[in-house]
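These are my notebook entries on a structure that I looked up. I record here what I checked, entry by entry.

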Amino acid sequence: MAVITLSGITKSFGTVHIIRGVDLTIGDGEFVIFVGPSGSGKSTLLRLIAGLEETTGGRILIDGTDVTDRGPAERALSMVFQSYALYPTKTVRQNMSFGLEVARLPRAEIDRRVNAAAAALKLEAYMDRKPAALSGGQRQRVAIGRAIVREPVAFLFDEPLSNLDAALRVDMRVEIAKLHQRLKATMIYVTHDQVEAMTLADKIVVLDGGVIQQVGAPLELYERPVNLFVAQFIGSPK
Ligand code: ADP
Ligand code: MG
């Protein structure tokens, strides 16, 4: 069953057309990556799926329900930002618990979810620290932990590793791949890094100028790019 279906999605800011007719189906448990040059509309498309921007046209379905006119809180998705967006005055545990407390989940359930996420992300030793006392990679883990505890139907990542140094980026890439295997979760992940896309994705969506140029498995795009743009962007020998 398809988890997320986009049909005829358009987005304009004033008279500028940023997303120009996107049709896409994202399956249950799929790791889908949006790649494309800066300004191609990757973040905007992700924000439309999250409900952080309103579509100009088209429909968005999640698990068969039309959510086009619903806000982000009603979409059961968790977004992880490049900037982490942690609360500086709260501890790691409080950062991870806060959203569930606002949603008034029972204390025992909150603790169960937070402890499970902390174990999965190797954060147990840091639960009482504030974000300022963590490394960049640890902060990114907390941001991911906060997304996990919501038990969303899908995770949305917008360039989650681009603020990390090169070595840490490789480590975190492996962590995210493991997390995907363990949770069997649907993930939509934006990057401008072709290597990240080729190593993580089940399916790559190549965007340029707000239009999907090609959708396919990494090897398919590499071996059979539909046009010169995709070939050059993916780095295939065509
Ligand atoms: P990407 O993430 O691929 O770099 P974005 O989705 O951030 O691209 O942006 C695509 C285009 O939309 C850019 O030209 C950007 O300037 C424009 N854009 C994004 N958000 C807004 C906004 N709120 N108002 C006007 N233009 C925007
Ligand atoms: Mg972006």
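Entry on helix H1. I looked up burial along H1 (residues 42-50) and found Lys 42, Thr 44, Leu 45, Leu 46, Leu 48 and Ile 49 to be buried. I call a residue buried if 20 or more other C-beta atoms lie within 10 Å of its own, exposed if 12 or fewer, and partly exposed in between, with C-beta atoms placed from the backbone. Helices (H or I, at least four residues) and strands (E, at least two) are DSSP runs, numbered from the N terminus. Just after H1, I noted that Gly 51 takes a positive phi of about 90°.

Entry on the model. This is a predicted model, in which I used local features at pLDDT of at least 70 and side-chain atom pairs only at pLDDT 80 or more, while totals for chains, interfaces and linings use all residues. Residues are numbered from 1 along each chain as its sequence is written, and chains are lettered from A and ligands numbered from 1 in the order in which they are written. The pLDDT, the predictor's confidence in each residue from 0 to 100, averages 93 over the protein chain, and 99% of the residues score at least 70. I also recorded ipTM 0.97 and pTM 0.92.

Entry on ligand 1. Which residues are around ligand 1? I listed Phe 13, Ile 18, Gly 36, Ser 38, Gly 39, Ser 40, Gly 41, Lys 42, Ser 43 and Thr 44; a residue counts here if its C-beta atom, placed from the backbone, lies within 6 Å of the molecule. H1 gives the most to this shell, with three residues. By class, I recorded two nonpolar, seven polar and one charged. Ala, Val, Leu, Ile, Met, Phe, Trp, Tyr, Cys and Pro count as nonpolar, Asp, Glu, Lys and Arg as charged, and the others, Gly among them, as polar.

Entry on strands E6 and E7. In E6 (residues 77-80), Leu 77 and Met 79 point one way, Ser 78 and Val 80 the other way, and all are buried. I found E6 paired with E7 (residues 154-158) in the parallel sense over four bridges; pairing requires at least two DSSP bridges between the strands. The bridge partner of Val 80 in E7 is Phe 157.

Entry on the core. The largest nonpolar core has 62 residues, and among those with the most contacts inside it are Ile 33, Ala 154 and Leu 156. Such a core is a set of buried Ala, Val, Leu, Ile, Met, Phe, Trp, Tyr and Cys residues joined through C-beta atoms within 7 Å. Leaving aside neighbours within four places in sequence, I found Ile 33 in contact with Tyr 189, Thr 191, Ala 197, Leu 200, Ala 201, Ile 204 and Val 205, where contact means C-beta atoms, placed from the backbone, within 7 Å.

Entry on Gly 145. This residue lies in helix H4 (residues 136-148). Is Gly 145 buried or exposed? I record Gly 145 as buried, because 23 other C-beta atoms lie within 10 Å. Not counting residues up to four places away in sequence, Gly 145 touches Met 96, Ala 117, Ala 118, Leu 121 and Leu 123.

Entry on positive phi. Asp 63, in the loop between strand E4 (57-62) and strand E5 (65-66), has phi near 50°. Asp 63 counts as partly exposed because it has 14 C-beta neighbours inside 10 Å. Glu 159, in the loop between E7 and helix H5 (166-183), has phi near 45°.

Methods
Two residues are in contact if their C-beta atoms, placed from the backbone, lie within 7 Å.
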